[in-house]
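Welcome! Here is a friendly briefing for anyone meeting this structure for the first time. Take a look at the sequence and the fold, then read on.

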Amino acid sequence: TSHRDSVTGSVIDNGPHLLMGWYTETLAFLDKIGTRDRLLEPRNLSIDFQSVGKKWKTLKLPPLPSPWHLLVGLLNFDGLSLRQRLQTIGLGKALRALSDEDLPDQFSMPEWLDRPEFCSAALLARVFREILRTGRQGATFLFPKVGLSDLYTEAAAQFIQNHGGHIFLKTPVMKIDFHGREFKEVELEGGRKLEADILLLTVPFAVLRRLIPEAVLYQDSFFHALRNLHPSPVLSVHFWFDREIVDRDFIGLGGTRAHWLINKRFQEGPRYLSLVQVGAHEELAIPG
């Protein structure tokens, strides 16, 4: 989602988001709801990295056929040691030979990167493999020209209503009822109940734990895993200046509390900079 800041007039997303060419399902979704044209034309992957007291380093993929664009780009990237670059290439070769069933979550990501012949961190492994599978087009950035609500939400709601669907706003779900292990119905605030053939849940896992009956939560192995999940907050801090101070769109940061800088000069309306920090537990404890 996004909102318009009352002071600056800028459209602020609930966290800066960039898309990539390998997001095939997301791009198909945008085609369906008619908002694909709200993305800038794809750009070859190019990421600048800046660490405190060190020179700029850039990971840039040349316009070569896949997988040579990745191979040459990684070999030319001096942000990694030669050993790390060769490891990454070996990892790519291993991923191309694997099926989904070969991607267990038995190792942490650092262990996996040190042992590319094994599969670990299955979700991230699928990300890497999708980038390889979709070729040169998959390794491109797509920058939204508008806020997230304009890109996704409003057009999706209109599409649903135009095709006979209904949207209930400000209608909290109080609980989810099951018949054995099968979904039965949802109960809304006020006692109204809704049945459906398919239920898609897009709530935070902590909320989901409150909605599911305790018997299902503890006895069903799928939902039982919810007890092991922990949040990792992402913090965005936005800055407005009276002049342009950064001539790059997207920067990886090293040696700082923030991890990424995104320059919103590609978005319509007043321009601003967003600093993004992942795992910002300490910052969220700072009094407001």
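This is a predicted model: local features need pLDDT of at least 70, side-chain atom pairs count only at pLDDT 80 or more; totals for chains, interfaces and linings use all residues.

A cavity here is a set of grid points where a 1.4 Å probe fits but cannot get out, and its lining residues have an atom within 4 Å of a point. The protein has eleven helices and 14 strands, and buried residues make up 34% of its 288 residues.

**The enclosed space**

- Rolling a probe the size of a water molecule over the atoms shows where empty space is left.
- How many cavities of 30 Å³ or more does a search of the whole structure find? The search finds one.
- The largest cavity holds about 40 Å³ of space.
- Around this cavity stand D13, H17, L18, P144, I262, K264, F266 and Q267.
- Sorted by class, the lining of the largest cavity has four nonpolar, two polar and two charged residues.

- Two or more lining residues come from each of α7 (148–162), β9 and α8 (205–211).
- Strand β9 gives the largest share of this pocket's lining, with three residues.
- By class, 19 residues of the pocket lining are nonpolar, three are polar and two are charged.

**The nonpolar cores**

- In soluble globular proteins, nonpolar side chains tend to be buried together.
- Which residues touch the most other members of the largest nonpolar core? They are L18, L45, F141 and F250, in a core of 18 residues.
- Helices α2 (68–75) and α5 (122–133) each supply at least two residues of this core.
- A second, separate core has eleven residues, including F178, V186, V216 and L226.

- Strands of a sheet pair through backbone hydrogen bonds, either parallel or antiparallel.
- Three strands make an open sheet in the order β3-β7-β4, and their pairing is antiparallel.
- At the edges are β3 (19–20) and β4 (43–44), each pairing on one side only.
- Two bridges join β4 to strand β7 (residues 140–142), and N44 has T140 as its bridge partner in β7.

**The sheet of β8, β9 and β10**

- Another open sheet of three strands runs in the order β8-β9-β10, with antiparallel pairing.
- Its edge strands are β8 and β10 (193–194), which each pair on one side only.
- Between β8 and strand β9 (residues 182–188) there are six bridges, and the two strands run antiparallel.
- Across this pair, H179 stands opposite E182 in β9.
- D177 sits in strand β8 (residues 173–179).
- Is D177 buried or exposed? D177 counts as buried because its relative accessibility is 14%, and buried means under 20%.
- Setting aside neighbours within four places in sequence, D177 is in contact with F183, K184, E185, E187 and K193.

- Strand β12 (residues 250–254) and strand β13 (residues 260–263) pair in the antiparallel sense, over three bridges.

**Contacts across the chain**

- Of the contacts in the protein with a separation of 6 or more, 53% are between residues 24 or more positions apart.

Technical notes:
Residues are numbered from 1 along each chain as its sequence is written. Side-chain values use heavy atoms; hydrogens and water are left out. A nonpolar core is a set of buried Ala, Val, Leu, Ile, Met, Phe, Trp, Tyr and Cys residues joined through side-chain atoms within 4.5 Å. Buried means under 20% relative accessible area, exposed over 50%, partly exposed in between (1.4 Å probe, protein chains only). Helices (H or I, at least four residues) and strands (E, at least two) are DSSP runs, numbered from the N terminus. Contact means heavy atoms within 4.5 Å. Two strands pair if DSSP finds at least two bridges between them. Ala, Val, Leu, Ile, Met, Phe, Trp, Tyr, Cys and Pro count as nonpolar, Asp, Glu, Lys and Arg as charged, and the others, Gly among them, as polar. On a 1 Å grid over the protein atoms alone, a cavity is a set of points where a 1.4 Å probe fits but cannot get out, and a pocket is an open set with protein on both sides within 12 Å along at least five of seven lines; lining residues have an atom within 4 Å of a point. Grid points are joined across faces, edges and corners, and a volume is the space filled by probe spheres set on the points.
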